[in-house]
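Morning, everyone. Let me put the structure up.

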Amino acid sequence: KSMATRRAILWTGVGGVALMGAGLGALLHSDLSEARAPWRAVGAGFGDKRLDALSYAVLAPSPHNMQPWLIALDDDDNALTLYCDLDRRLPETDPQDRQIVIGLGAFLEIMRQAAAEQGYALEVDAFPQGAAAPRLDQRPVATVRFVKDASAAKDPLFAHIPARRTSRVPFDQGRPVSADILKALDSVLRPEDGEFEWANDAENISELKRICRDGWIAEVGAPGPHRESMRLTRIGEKEINAAPDGISLAGPVMEGLHFAGVLTREKMSDPDSVANVETINFYNGLIDSAMAFGWLSTAGNSRTDQLRAGAGWVRLHLAATQRGLSMQPLSQVLQEFSEMAEYYEEIHDFTGIRAPQGPRDGRLQGLFRFGYGATPAPAPRWPLETRLIAADA
């Protein structure tokens with residue numbers, strides 16, 4: 001959730017982007033149908049209630065689109081165990097694995113909604129062998145049991161899972177976001193999901209834009225997080241279909257810039273390059289187009305609090321989707337690496353939530369921009385079968 005390059009459309013004034021004349025532009029397309037296949041597979045029926053629910057859960061948002069879930073189907077066909085894929089953590093950007101746990105919480109919430117559609121309630125035991133900190137380990141994140149329950153309430157947000165998108169386009173400056181719609185988002189949260197607050201007035205929006213821009217520039221300038229983001233950047237159809245996670249740059253413009261040698265990981269790592277400058281300008285433009293901001297906080301910052309915040313996060317996003325409102329997380333200033341410390345403190349001060357001094361203190365878990373914009377294509381996903389492991393693994 002942190003680089004401007006995440007599925008953003010870069011534009012440069014480089015003449016080569018006009019693309020080399022007749023015919024070549026037609027070759028520079030991005031067919032990501034393979035990488036987006038999991039979005040089409042939901043609801044197809046896998047012959048197993050767990051797999052049917054998991055086909056929706058793998059569409060959950062996660063930091064850097066890392067999809068950190070691993071699932072062991074137990075011999076008991078009513079149960080499964082969720083693990084974190086430790087190789088999919090973000091040690092530079094997310095050094096305490098907080099954002100990874102939030103993504104796993106979103107995964108569990110979507111699975112819960114999908115199970116309810118089939119008439120099942122979920123019994124979830126979070127961190128049954130203990131919660132590792134400051135980093136996750138090989139112990140399970142949760143054990144889950146499907147319990148047949150004819151009275152299990154279906155969630156009205158479920159229908160919007162296939163349409164949920166993280167919006168990385170500028171928002172319409174002529175369409176304000178009303179307090180009524182932000183209150184409607186708040187209404188979908190359960191007490192355990194955290195507290196949602198917002199700002200849609202000019203003065204607070206202006207200050208939040210400044211804080212977010214400062215945090216974004218700090219992340220770009222932090223060597224470790226920047227290298228991590230570059231390593232996880234996939235440029236063009238071939239790379240994205242081969243590894244449908246990370247930070248995807250797709251479309252004819254991206255393919256053309258990559259073909260011309262303008263858009264490469266090396267160029268994006270050069271602070272003086274066109275690619276790097278335009279990436280910064282583009283993301284600043286996204287921040288500046290925000291028509292409202294919202295933030296999600298929890299009273300504590302335990303691993304269970306983080307899982308619950310993930311559920312609240314995805315519920316807010318589904319509620320926004322339901323109402324035609326676009327939403328994008330701006331998570332830079334919430335990250336715990338040293339170069340972000342000043343802005344981390346500043347955003348906690350601004351929102352009235354003091355920066356935590358320990359695992360039981362209040363914590364901002366999500367910061368979002370809201371507005372109205374074009375609906376992007378779905379993000380790449382690994383197929384469900386690639387996320388399954390043997391029960392005794």
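We start with the sheet. Four strands make it up, it is open, and the order reads β5-β8-β10-β9. The pairing is antiparallel. Keep in mind that this is a predicted model.

Which strands sit at the edges? β5, residues 195-199, and β9, residues 326-329. Each of these pairs on one side only.

Zoom in on β9. Its partner is β10, residues 363-371, and the two run antiparallel. How many bridges join them? Four.

On to the helices. In general, a packed pair is described by the angle between the axes and the distance between them. Our pair is α6, residues 202-221, and α11, residues 274-288. Their axes come within 10 Å and cross at roughly 155°. Anything over 145° counts as roughly antiparallel, so that label applies to α6 and α11. The crossing of α6 past α11 is right-handed.

Who makes the contact? From α6: K209, C212, R213, W216, I217 and V220. From α11: N276, T279, I280, Y283, N284, I287 and D288.

To recap: an open four-stranded antiparallel sheet, and a roughly antiparallel helix pair, α6 with α11. Over to you.

Technical notes: Residues numbered from 1 in each chain as written. Predicted model: local features only at pLDDT ≥ 70, side-chain atom pairs only at ≥ 80, totals over all residues. Heavy atoms only, no water. Axes fitted to C-alpha atoms, helices over the stretch in contact; angles between N-to-C directions. Parallel < 35°, antiparallel > 145°, perpendicular 65-115°, else oblique. Left-handed = near helix turned anticlockwise from the far one by under 90°. Contact = heavy atoms within 4.5 Å. Pairing = 2+ DSSP bridges.
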